[in-house]
Structures are given as C-alpha cells and as structure tokens.
Amino acid sequence: MSFLAIEHAVKQFGGLRAVDDVSFSLKRGEIVGLLGPNGSGKTTLINLISGALPASAGTITLNGQQLTGLRRDKIARCGVARTFQLVRILPSLTLIENVKIPAVFGHKAHWGAAAERVAKDALAMVGLSERATMSAGDLTYIDQKRLELARALAAEPELLLLDEWLAGLNPTELEEGIKLISELRDSGLTILMVEHIIDAVRALCPRVVVMNSGKLIADEQTDKALTDPAVVTAYLGEDVDA
Amino acid sequence: MTKLIIPLLALVALAFAPNFVSAYGLGLLIGAATYVTLASAWALFSGHTHYVSLATVAFYGTGAYCMAVLNEALPYWAVLLCAGGIGATMAALVGLSTLRLQGVYFVIFSFGLAELVRQLITWYEVNVTGTLGRYIFLDISARDIYWQMLALGAATIALTAWIHRSRLGMALRVIGDDEAVAAHSGINLARVKLIAFVLSAVILTLAGAITSPRYVYVEPAIVFNPTVSFLTVIMALLGGANRLWGPALGAVPLFLVFEWLSTNFPDSYPIFMGLLFIGVVFLLPDGILAGIEKLRARRKVQS
Amino acid sequence: MILTTLILGLVLGSTYALLALGLTLQYGIARIMNLAYGELTLVGAFVLVAVFQQLGLSPLIAMILIAPAGYALGWFLYQGMMRPLVKRSGARGRLEVDSILATFGLLFLIQGILLMLFGANFTSISYLDRGVNVLGVSVALNRLIAFGICVVAGGALVLALAKTRWGLIMRAVALTPGSAPLVGIDVNKVARQGFALGTALAVVAGASIAMYQTFSATDGVVFTMKALVIVIMGGVGNVKGALVAGIALGLLETFVATAIDPGLTLAATFAIFLVVLLWRPQGLFGAR
C-alpha cells in the first residue's frame, strides 16, 4: 500500500497550470527524487503537499489520511516536515530554540526535557551541537541550511520534503550532505527530494519522478529516467546543474 | 529567587506609596500605573508578533464607557466582568476578520478602529438614547483606583512572564520571526494570534473601566482620545516591547514627560511625540533594554 | 435626488481615487506603508489656502507649483528617512514594521507643525463658489474644477504607467522588486521616484480638496484611512483598481451621508473594508 499518494493534483495560477494532473505515490521508507527543469512545477508540488498552497483539484493522502484541504499546521502535525528552496531560519532565536519549535508544536508535541532532548539530537545529527546557544541570524549560509534540516528532523516526521537542500554546497559539503541524507534514508524515513544535482540523485534515489511544464513525464528507475528521451528533451536548452 | 523577590518588594512598597504623597502625587501614580498596564498589555500581543496594534484606546474607551453605562444598574465587580467580556468579544471579532491576513491589514484596521467605535457610540447615543455625555458617581476613592490599577498592572506583568515561558509565548516569537516557518512547524497561526490579542484586549478594557471614575464625566470624545493608543505604542517600543520589563520601563518616564509637556507646551506636544517615534525607530529599534545589552556586549569585547 | 447623489459622489470619488493612487504608488513601488499620507495631503491643502489668501494666486496656478514641490518633498523624505530603513531591513520583514512606525512619527511631526502654523480651526476658501447646471443638478464650479484636475492628473498617470517605458519599469518593480535588478533596473531610484510621485499626488489631491471643502489640521488620519481602504479594495499596487474603488467609495459615502446619516460615513467605509477583507483580501480587482 502506498504511504504518500498524490492523485490528479492540479494547481492553477490564473491561466497557468503550474501542476497539471500529477499522480504518483511513495511507499513507506522510500526515497524519491523529484526532477525537472526550472519552472516545471516541482516546488509548487512540494507546496501542495505541505499545504503552503491549496490544490485546485486532486487529492493527496498520507498513510490514508487526506492532506488536501488541511491547513499548513495541521499537515505538519500529520507528520510532514519540509525545508525551503530559499532557506528560512528564525533569525532572532538561538539554534536550539529554532530546532525546538517543531519538536514542541509538531505531531509528537513534546514539552520540557523531552523537547530539549529531541532538539539536541537533531542539532547533533547535522553537527551544530557546539553552537546551540548562538543566534541563528549569525550563521553562515551553509550552516543555516544545516539548521533548517535539523529543524525539519526535530519534527520527527513521517515524510520529509527537501526542496533543493543540496543546492549551493561546495564539493566537500555536498559529500557530507549526501551522507547525511543517506543516513536518514537508512533510518527508514520517507523522503521526497527536489534536486538538480544529478550525482546526488544517482547516489541517493533509486527512483525518480520527472516533471515538465506542470506535467509528470516520467516515473521510473533513476538510470532509466536519465536516458529517457522525453526527460532528456525536457532538459535540453536548460542548464543541467550536473 | 531574587528575580521574584525584588518585584514583590517593589509591589509592596508601591502599595504603601499613597500614604506618602499628595493628591496630585496620587494622580501621577495612577497615571503611571495605568500606562504601565496599557503598555505591558499592548506588548503582550504586539511585542513579539510585530503586529502593531494602534487600537489600544478602542478597548480602553470601551471599558470606560461600560462603566459609565452600567455602573448604576450593576454592582461594581459585575461591571468589570461585563467590560472584560465585551472587550474580549470585540477583540475576537476584529481578530477573526483581520489576523489571518498579512500584518499590514491588521495595522490599518486597528488604525481606524477607535474612530469607528467612537462614531458608532456617538451615533447611538445621539439617535437612540438621546444623551451624549454620562456621569459616573461611584463611591470609589482615588486610592482604591490606584490599588486596583496596581494589581492589574502586576497581574499583566506576571501573565507576560508566564506566557514567555509557555508554548504560547514560544509560538508568538516564532510568528514574529517567520509565519511560514511557524505554520509548517505545526503552529496554528490564527489561534495563537487570536488568544494573545484577546488576552491583551481584556486587560486594556479593564484598565479603561477601572480608571473611568476618575473622569467623572464621560463622553466619546474624551475616552476615545487617540493619543492614548499612540503613547502606549511609543512607551512599549522605547523600553523594549519584547522584554518583560521593557514596557514598564518606557511607560513611567514617558508618562511623566508627557504630563509635563501637556501642561507647559500643549501646542508642541505632537511634534515632540513625532520626533520621539522617529528617534526610537532609528536609534533604538529594539528598545532601551536591548540597547544597554548591546553596549555591555561591546564593552566586554573591548576589555 | 439620485442624480444629485450620483454626480456629487462622482466628484468626491475622483478626489479619493487620486488620493489612493498616490498611496498605492508609495506602497506598491516603494514598499513604504505611509501612515503620514493624509498629513501630506493636508500640507497640499494648507499651502493652497496660504498661497491663495496671502499672495492672491489663483488656485489653478498654485496647483502647477504645488505638484513639483510635492515631488521634491517626497524625494527628500524618501532619501532622508525611508532609504536608511530600507537599507537596514535587509531581505524581509522588518521594513514594514519600521516604515509604519517611522511614518507614524512623521504623522505627528507634520500635524504638530501644521497646528503651530495654522491652528486647529477649520479652514476653507471661497473660490468660484457658484452653481453650474450639470444634467439638471446644480454643482459648485469649484467642485467641477477639482474633478477636472483629478481626471487629468489621474488619467495622465494611468496612461504613463500603461504606455511608456518608464511606466513599464515602475510596474516591473511593483511586481517583483527582487528580480528587477537582474534586468538592470535601479530599484532604489525607482522606489524613490514612486514615493516622490505618490507624494506629489497626495498634495495635488489635498489642494483640490481645499478648493471646495473645509478641513482642519487634524483631518489627516481620516484621509489616510480612506486612501488605505481604497487601496486595499482595489488591490495593492493596482492602479485601475484604485481608480474604480475610489469612485465607488465616493459614491457610497455621498449616498450614506444623504440617505442615512452623515455621522456614519466612516462606519460605512469600514463596513466595506471589512467585507473586502473577509471576502476578497487580495482586493476586488487583484488576482489571487
């Protein structure tokens, strides 16, 4: 049985169909890459799943529970956590406070020592433990990205949505980032990740779904997809950040 | 422990203060206590969320009007209860219609709310009841009013302290930083904002009801004086709206300054207020308390 | 009766539309929520009266001087007061709160200066105060002239925004300030122009109000409020929306004042505001 099921999802912006009748599903514990050229509707789809935007039509369910129509915070409490394409941290809070938020308000709703522990574990996971009491606004870009991932992890999610989390990292950091995500995968977390870095997708995702102009054009094994004529054509004329 | 003892001692000392001051001094004490309460209650909602409410006097005036209308029909405590209830209802209505939108809509709406309430009450009094002004004759001494206001102010600061440590306070801080992150972390934005706004409004309304016997004669143009809203905002900002003691720290000196200005230079009063607003925004964007902390941090680095 | 309301409402509405146009430029292009907007309007109104009474200058000629002076005032306000806030705010969030508080201070500053110079009394001038027959309704000539000024100024701006290269740049910044620099637009310069132009419109609207209506130094807040409500009704940054909503509000106010009670015009304004917020927060003409 599918864990995350997207059925005929549509998002209409005026005359533009940013997501056009997209259907696919993820099994529990699966990690899937969401590919496509810029403007193909990947982030919009992430926004539909996480509730940042309401879907114009179609249904999205997580473990049988319908997500479409729910508010963002309710979806978060169903166990969906996400990162943002343009990193969003809480600059006036410390790192540990940043990470504590979803632990307190997320679907496990910890408080006191339990919340503290979850937050510390999440910071340790991304290697920011030593700077826990620093102000998040003082972090470098890369560390902000790490913090954002820690925050998503502290929600103890059932489904993690990563929106180009690896973008902008240098080669060493990229290697660390891939290792981090593979650890998450091995821990059994279900992950849907938008990614442009093909090497990372190859290393992490056995399966990919590919979008172009809002439509789903491929849903297959990664190796196959990357040689699929439809996928290659979609990417031609675009810079493939590989 | 000292954190609790010093405020308690100060509160006891303040409670005995009326024994040592003249009637004029007591009037100043009441005014200062009122503005400490108003500024702290304002900051309870606006301090962390950055939803700048310009509607303080809409609630304060409503409270005063409740007392003026109901004091002959109901016992004193029941009037306070009614006033709190009406303030809460008003805040809930305003909050439900504006707080789910961007902050700027709320600011604009609150900007005109006092004027709206004033016009509606005036229209109602003139056309329906036929009496525009009302007298409040209550057997309450200035001391009683002072003690009640002191208690309300202390309760407000205690409530703020408690909220700062609670999930509600945490949620408010996150909302002030980034609403999208807050929502995706599982925070129910509308509910959190509404709860804080209603709590703040109830206190503002009660403050109006408690001070109203001081006016003796009440009419809309008097109790819905927009200056009250503006003073409240600038006091809280000057002290530091997101600190527990910030609003109180800003309220006391500014109240005294404005009291002095309004008797000596009534004409240049708005100019001073304008310059103060601009000065605070440019020079002390986070208030005096944060400014002092920054200075200290800089000294530490130097030494 | 209905025709009278219609014509008077149209005249009032044209002034409101011009008022809102300036505010929507300031908020849409310069991203400054200017709570002192009504005070700037009053500056225009008082200057017109002073020039008319002291120098004996015709209001129409005064208008030609007031408009560029307003532009200059806006230019200096932006450069001196708003620019530092924009610089400080960085990527997001802070500017809105800062600009609200700073312009709130500006509101008192201007109001205080006006009170010192002109006092708190109601002011008006009598200029061409004779009735003219319009479709059987007698309308004061000064109102018609004010109407004409609003139509000319508003129309010229709408045309300029829609048809010229300058207008295209303005609209580009209003739409996506973040990506405008990518195509070589100097956002700071455009924002300054938008703010200055908005100020020019505010003083022109104020001066045209002074031609037919009494006003006092403390009326600024009401003008700001009305302009804000119109901007939101029309959709923030939407020029055509502001025009239509302004005229609609003028009609509604005139209707409420004549048919129900003049004391409830603000309540009516607010009622519409609430309906718009609850029903279409993106504005009547805005896209979701």
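How far apart do the end C-alpha atoms of residues 145–163 of chain B lie, and how much of the span is helix? The end atoms are 26 Å apart, and the span is 100% helix and 0% strand. The views below show a predicted model, in which local features need pLDDT of at least 70, side-chain atom pairs count only at pLDDT 80 or more, and totals for chains, interfaces and linings use all residues. Residues are numbered from 1 along each chain as its sequence is written, while chains are lettered from A and ligands numbered from 1 in the order in which they are written.

**View 1. Chain B as a whole.** Chain B holds 14 helices and two strands. Helices (H or I, at least four residues) and strands (E, at least two) are DSSP runs, numbered from the N terminus. The radius of gyration of chain B is 19 Å, close to the 19 Å that the globule rule gives for 303 residues, so chain B is as compact as a globular protein of that length. The radius is taken over C-alpha atoms, and the rule is 2.2 Å times the number of residues to the power 0.38. Along the principal axes, the C-alpha atoms fill a box of roughly 65 × 50 × 40 Å. Of the 303 residues, 51% count as buried. Buried means 20 or more other C-beta atoms within 10 Å of the residue's own; exposed means 12 or fewer, and partly exposed lies in between, with C-beta atoms placed from the backbone. Among contacts in chain B with a separation of 6 or more, 78% come from residues 24 or more positions apart. Two residues are in contact if their C-beta atoms, placed from the backbone, lie within 7 Å.

View 2. An unreviewed UniProt entry lists "transmembrane region" for several spans of chain B, including residues 145–163 and 244–263. UniProt positions are given in the numbering used here, feature names are shortened, and annotations may be inferred rather than shown by experiment. Residues 244–263 of chain B are 90% helix and 0% strand, with end C-alpha atoms 31 Å apart. For chain C, UniProt (unreviewed entry) gives the name "transmembrane region" to spans including residues 195–215 and 259–279. Residues 195–215 of chain C are 76% helix and 0% strand, and their end C-alpha atoms are 25 Å apart. Residues 259–279 of chain C are 76% helix and 0% strand, and their end C-alpha atoms lie 26 Å apart.

**View 3. Where chain C meets chain B.** Here 31 residues of chain C are in contact with 29 residues of chain B. Helix H4 (94–118), helix H8 (220–234) and helix H10 (265–279) of chain C each supply at least two residues of the side that touches chain B. H4(C) gives the most, with 17 residues. The residues of this side of chain C divide into 24 nonpolar, four polar and three charged. Ala, Val, Leu, Ile, Met, Phe, Trp, Tyr, Cys and Pro count as nonpolar, Asp, Glu, Lys and Arg as charged, and the others, Gly among them, as polar.

View 4. Ser97(B) lies in helix H4 (residues 76–98) of chain B. Is Ser97(B) buried, partly exposed or exposed? Ser97(B) is partly exposed, with 18 other C-beta atoms within 10 Å. Leaving aside neighbours within four places in sequence, Ser97(B) is in contact with Leu274(C), Leu277(C) and Leu278(C). Gly25(B) is 72 residues from Ser97(B) in sequence and 43 Å away in space, C-alpha to C-alpha.

**View 5. The four-stranded sheet of chain A.** This open sheet has the order S2-S1-S4-S5 (chain A), with antiparallel pairing. Two strands pair if DSSP finds at least two bridges between them. Strand S2 (16–26) and strand S5 (65–66) of chain A stand at the edges, each with a single partner strand, so one side of each is left without a neighbour in the sheet. Seven bridges join S1(A) to S2(A), and Ala9(A) stands opposite Val22(A). Two residues lie between the strands of this hairpin, where Gly14(A) takes a positive phi near 55 degrees. Five bridges join S1(A) to S4(A). Val10(A) has Ala57(A) as its bridge partner in S4(A).

**View 6. The six-stranded sheet of chain A.** The open sheet runs S6-S7-S8-S3-S9-S10 (chain A), and the pairing is mixed. Strand S6 (80–82) and strand S10 (215–221) of chain A are the edge strands, each pairing on one side only. S6(A) and strand S7 (residues 159–163) of chain A run parallel, joined by three bridges. Leu159(A) in S7(A) is the bridge partner of Val80(A).
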